[in-house]
Amino acid sequence: MENLKDIHIGALVYERVNEKDIDMGRICRFLQSTEKEILEMYSMKSLDVDVLLKWSKLLEYDFFRLYSNHLILYAPVASQNKNVVKSKLPQFRKSLYTKEIIDYMLELLENKQKTQVEIINHYGIPKSTLNKWISKYKQ
């Protein structure tokens, strides 16, 4: 969970390339980039969305989920009554909780770093959701 606080996407892409052991030639062809450009991407903290989408497809890994998890953990929860704005953008009913997020929350509880109330207030996780995780995943 620590790397979600300060995401260095280039380093994470590089790590995934090594895990998948993908040939540089294939990467260059897929991204339509030179080897030098690919190596530069590995050192970049952020990448263009279109480029990141291509990396996600090539490496069969959802790099965008890292940013979604960052928002769940570190972005302030919007108040229900504050500045209600109708938007034409898609509205998401539920938050996207990965197994890593669930494990992290349960670990906070188990190690007594946070109480249930603190997790609910700090991360904006509904009480019923947290209780379901506790009953389902805690042994």
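Student: Hi! Where is Thr129 found?

Tutor: Thr129 is found in helix 8. Helices here are DSSP runs of H or I with at least four residues, strands are E runs of at least two, and both are numbered from the N terminus. Before we go on, this is a predicted model, where local features need pLDDT of at least 70, side-chain atom pairs count only at pLDDT 80 or more, and totals for chains, interfaces and linings use all residues. Residues are numbered from 1 along each chain as its sequence is written, and side-chain values use heavy atoms, leaving out hydrogens and water.

Student: Got it. Is Thr129 buried or exposed?

Tutor: Thr129 counts as buried, because its relative accessibility is 19%. Buried means under 20% relative accessible area, exposed means over 50%, and partly exposed is in between, using a 1.4 Å probe and protein chains only.

Student: And what does Tyr97 touch?

Tutor: Leaving aside residues up to four places away in sequence, Tyr97 touches Ile72, Ile102, Gly124, Ile125, Pro126, Thr129 and Trp133. A contact means heavy atoms within 4.5 Å. Tyr97 itself sits in the loop between helix 5 and helix 6, and at 22% relative accessibility it counts as partly exposed.

Student: Zooming out, how many helices and strands does the protein chain have?

Tutor: The chain has eight helices and zero strands. Of its 139 residues, 30% count as buried.

Student: Let's look at helix 6. Which of its residues are buried?

Tutor: They are Ile101, Ile102, Tyr104, Met105, Leu106, Leu108 and Leu109. What covers them includes helix 5 (64-74), helix 7 (116-123) and helix 8 (127-137).

Student: Why does the length of helix 6 agree with what it should span?

Tutor: Helix 6 covers residues 99-110, and at 1.5 Å a residue its twelve residues should span 16 Å, which agrees with its end C-alpha atoms being 16 Å apart. The expected span is 1.5 Å times one less than the number of residues.

Student: How do helix 6 and helix 8 cross?

Tutor: Their axes come within 11 Å and cross at roughly 85°. Axes are lines fitted to C-alpha atoms, for helices over the stretch in contact, and angles run from 0 to 180 degrees between N-to-C directions. The two helices are therefore roughly perpendicular to each other; that label covers 65 to 115 degrees, while under 35 is roughly parallel, over 145 roughly antiparallel and the rest oblique.

Student: Which residues make that contact?

Tutor: From helix 6 they are Lys99, Ile102, Met105, Leu106 and Leu109, and from helix 8 they are Leu130, Trp133, Ile134 and Tyr137.

Student: Which residues touch the most other members of the largest nonpolar core?

Tutor: Of its 34 residues, those are Ile9, Val13, Ile27, Trp55, Phe63 and Met105. Helix 6 gives this core its largest share, seven residues. A nonpolar core is a set of buried Ala, Val, Leu, Ile, Met, Phe, Trp, Tyr and Cys residues joined through side-chain atoms within 4.5 Å.

Student: Last one: where is Lys112 found, and what is its phi?

Tutor: Lys112 is in the loop between helix 6 and helix 7. Its phi is near 55°, a positive value in a residue other than glycine. Most residues other than glycine have a negative phi. At 72% relative accessibility, Lys112 counts as exposed.
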